[in-house]
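Today I'm looking up a sheet and a pair of helices.

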Amino acid sequence: MRLTDFPLRTFKEVPSEAEVISHQLMLRAGLIRRLASGLYNWLPLGLRVLQKVEAIIRDEMNRAGALEVVMPVVQPAELWQESGRWEEYGPELLRLKDRHDRAFCLGPTHEEVITDIARNELSSYRQLPVNYYQIQTKFRDEIRPRFGVMRAREFVMKDAYSFHLDQESLLEGYAAMRAAYDNIFRRLQLDFRIVQADPGAIGGNRSEEFHVLAESGEDAIAYCEADGYSANVETVAIDTDDVSRAEPTADLELIDTPNVRTIDELSKFLDVPAGHCLKTLLVAGEQAPAVALLLCGHHELNRIKTEALPGVARPLRMLRGAEVEAATGCEPGFVGPKDLDVPLFVDAAAASLSDFVCGANAPDKHYRGANWERDLPLPDVVDMRNAVAGDPSPAGGGRLEIARGIEVGHIFQLGSKYSEAMEARVLDKDGKACEMQMGCYGIGVTRVVAAAIEQNNDERGILWPDAIAPFDVVLIPINLDKSYRVREAADSLYAELQQAGLDTLYDDRNQRPGVKFAEADLIGIPHRLVIAEKSWDNGQIEYKSRREADAEMISVDGVVDFLSKRRMP
């Protein structure tokens, strides 16, 4: 592609609206442009990347035996009402009515539609298993779209749905999709982890996420190199059976802590680690006005685990200031477990504390030197926090490490959640009607592009993996407008590269070399060739990898072979 035929508008300055590096670079490099909140136009350069991602996904899905379909973005309310998700899904489901006053929604996902297809097209066990997939636009009415295409309202997704006669077949289909996803992300040349996850609103039993590792990732990933364990920190099970603690060494002491309400303030005021301060959180109960949750001060409450505790109201809701006072007789910031007349649960790590600090249920007062079973009874010990670095691996092989990740894929074993609700059945070999078992497998295609940039960038711009770069090579001639010999050489080499199957961006603009180099680095073309008259006369051309600091001179006659060897497969 000649750059004079390819409108490309780049920016030197970082757009004020962009919060993360992928959003900044996608705008600066001319991949996308914002249309409205959470809505983006994909320009030619960005679309080339998007289509390369789609091609790899499509190739692996086809290789795994999945069948491609296309389903409508606009979906009738009746299907969602059948599954029970019309109200359950919440405000992210954008509802609308047509001119006949019939209710529809813009599809954030397609479980209902694909189940409707299956119940109408599949009737016998002989047609199973089958896997349908599509690469298509989705819409979720995010309350706060942010991070560019990372969390947009409209996005492209690959979603697949498998149908099986029984659980055994579902497990086989799930394993096949897991392997296909592993192949996809390896071919995309991304550093990723497969982690155990919560099924969330999609539902079902087993669920795993695929995370691209990046410091800007919204999710925390717990993993253990020693035993191969990995999971979203929200789903890591913490052992509650082996709770031990040191013998008390301090007396219980009531101390003044004026205006010291937070764990950080308390830690600094008393010069004790936050992990040695007990945090008392009050949440709404199903029957009682409040339930108290006790954790170490440096730990985070886990919503998913907490909602599963008996007596805790769902969805989880923290009590407001007035509610805390009504339930405990004490203002927030000074509540503690001693003599607290509400149901209590304590996290295993907090149950292991000795001589700890906690609220005294009186204004500006805390206890120091508190101990379980000596000063206050030990409540039920439960797992209700996120895992942290240093926790034992649930697989038993070592200690956990924590990394940040961007979720780009999610696979589920749905079971019969949708087939039962929507009566999607086939006849088995005995002629008995059986509800089909379902699997669900999604990849956020537009998010993959952003995640790749988050993982691959430097101070000059994007560092595309070869597999998804918009072009393989950028060809930059020096003084093209002044030297007919340079023009002839560049035109000839451009034709040779194209003939060899190397997707080449030929910068034939009348611009200074520094401008061309800067833009080539910004848009992240992996390989750069520079033609200058003197070096060409000597049978050489300058080559530079986008990922390397220094350029090198290579033979003109061996350019194609050289690039073919340097490019990743």
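In what order do the 3 strands of the open sheet come? I found S4-S6-S5, with antiparallel pairing. (Strands are DSSP runs of E, at least two residues, and helices are runs of H or I, at least four, numbered from the N terminus; two strands pair if DSSP finds at least two bridges between them.)

Before going on, I noted that this is a predicted model, where local features need pLDDT of at least 70, side-chain atom pairs count only at pLDDT 80 or more, and totals for chains, interfaces and linings use all residues. Residues are numbered from 1 along each chain as its sequence is written, and side-chain values use heavy atoms, leaving out hydrogens and water.

I looked up how S4 meets S6 (residues 103-106): 3 bridges join them, and they run antiparallel. Gln75 has Cys105 in S6 as its bridge partner.

Next, the helices. H13 (residues 484-499) and H16 (residues 559-566) pack at about 45 degrees, with axes 10 Å apart. (Axes are lines fitted to C-alpha atoms, for helices over the stretch in contact, and angles run from 0 to 180 degrees between N-to-C directions.) H13 and H16 are therefore oblique to each other; angles under 35 degrees count as roughly parallel, over 145 as roughly antiparallel, 65 to 115 as roughly perpendicular and the rest as oblique.

Who touches whom? Leu493, Glu496 and Leu497 of H13 make the contact with Val559, Val560 and Leu563 of H16 (contact means heavy atoms within 4.5 Å).
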